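Hello,

Here is the structure I promised to pass on to you. Have a look at it first, and my notes follow below.

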Amino acid sequence: MPVHRRLLNESTSYRARRSSIENQATTYKLGIRMSSRTGVISIPVVVHVVHNPAAPEQNISDEQIHSQIAILNQDFRAANPDVSQVPAVWKGLVSDAMIEFHLATRDPNGQQTSGIVRVPTNRPDFSHDDSVKSSATGGADAWPADQYLNMWVCQLRGGLLGYAQFPGGPPDTDGVVIRHSAFGNTGTAAAPFNLGRTATHEIGHWLNLFHIWGDDGEGCSGDDKVDDTPNQGGGNTGMPKFPHISCNNAPNGDMFMNYMDYTDDAGMFMFTSGQSLRMNACLEGPRASLLVPQLAAQAMAAGPGMPAAA
C-alpha cells in the first residue's frame, strides 16, 4: 500500500486512472457488466532474482521459484489443500478465480527464456522505493508490463515481506516485489511466511484487491469495495482462532483466513466470489492486454460460431 499512497499523493494522472479503474470495477460489482471470459487464463510471469553475491542465499534456486508458481496456481484456483479449513459459514463464498500463472517462455524480443532473470547487485537490501525495479539503482529493469507480470525477488529491508503496484501505475515499475525468504515453500523460505502466500497476497493487490479491512487503521469504517467480505477492525496477524470478533461483526467475526489479511501463511487460504469478480474486472480492464493472445487462441480453437474452449 505505500506505493499506492505515494502515487496518489504525487500523480494527478494516477489519481485519474485509479478513478476510472474503480468506476469500471463498480459496473461489474453492480452487475451492469458481466465477465465475458469462460475459460481459465494463464498469466506469463518473469521472475527477476536480484541478489548480492556476498549473500549467496539471495540467489534462490529454480526449484524455489517453481514452487511459488505452483502455489499461485493452487491458491487462485481454490485448489489449495488447506481451503478445507474455511469455516462452514463461509465455504459457499470460496471462489475459483480461474486465473493461473506460468513462467514466460519468450522474452520481449521473442527469444526463448526460462522466465527467470538473475541480476547481481552490490546493494545489501531494498525498500519499497522501487529501486529494485531499475538497473540504474542496482535492480533489474521490468519487462513490458502489458505482456508480463513482473516479480522481483530480493532481500527487503526490515520486516517488509513484499509490496505491489496497483493497476494504473507507471509501466516501468509495474509488478510485485517479494522478500526471498517469503517466496515459495522451499529453499530460503522461512516460517511463518514459508508457504508462498506473500506472493498470493501481493498479486491480489496487483489485480486491484485492497486489504480486507479497508485500510482504515483500527477503525471500522474502511471499505475493501467487496460486498462478501465482512467489516473488520484492522489487519490480523499470527494465527487467529475462529471466531475473531471486531467491529460488532459477531457471530462470525473477521474473515482472517482471507489472502488479503495479514495472518501467517498457514492462516490464510481463500478468496471470495466478490474478490474473484473484482480481479476479473481488472483483467478485462486495466490488465486486459495480458488476456488478448490467449482469448484469441481460445476463440480460434473453438472455431467460427462456437464458444471458446475452457
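A question to begin with: is Cys154 buried or exposed? Please keep in mind that this is a predicted model. Cys154 is buried, because its relative accessible area is 0%, and buried means under 20%. Cys282 belongs with the buried residues too, at a relative accessible area of 2%.

With sulfur atoms within 2.5 Å as the criterion, the count comes to 1 disulfide. The partners are Cys220 and Cys247, whose sulfur atoms lie 2.0 Å apart. The link of Cys220 and Cys247 is left-handed, with -85 degrees about the S-S bond. Cys220 and Cys247 are 27 residues apart, and each sits in the loop between α4 and α5 (273-283). Cys220 itself is partly exposed, with a relative accessible area of 40%.

On the annotation side, an unreviewed UniProt entry places "domain: Peptidase M43 pregnancy-associated plasma-A" at residues 140-284.

Gly187 is exposed, as its relative accessible area is 60%. The C-alpha atoms of Gly187 and Gln64 are separated by 5.7 Å, although Gly187 and Gln64 are 123 residues apart along the chain.

Best wishes

Notes: Residues numbered from 1 in each chain as written. Predicted model: local features only at pLDDT ≥ 70, side-chain atom pairs only at ≥ 80, totals over all residues. Heavy atoms only, no water. UniProt positions renumbered as here; feature names shortened; annotations may be inferred. Buried < 20%, exposed > 50% of the residue type's maximum accessible area, 1.4 Å probe, protein only. Helix = DSSP H or I, 4+ residues; strand = E, 2+ residues; numbered from the N terminus.
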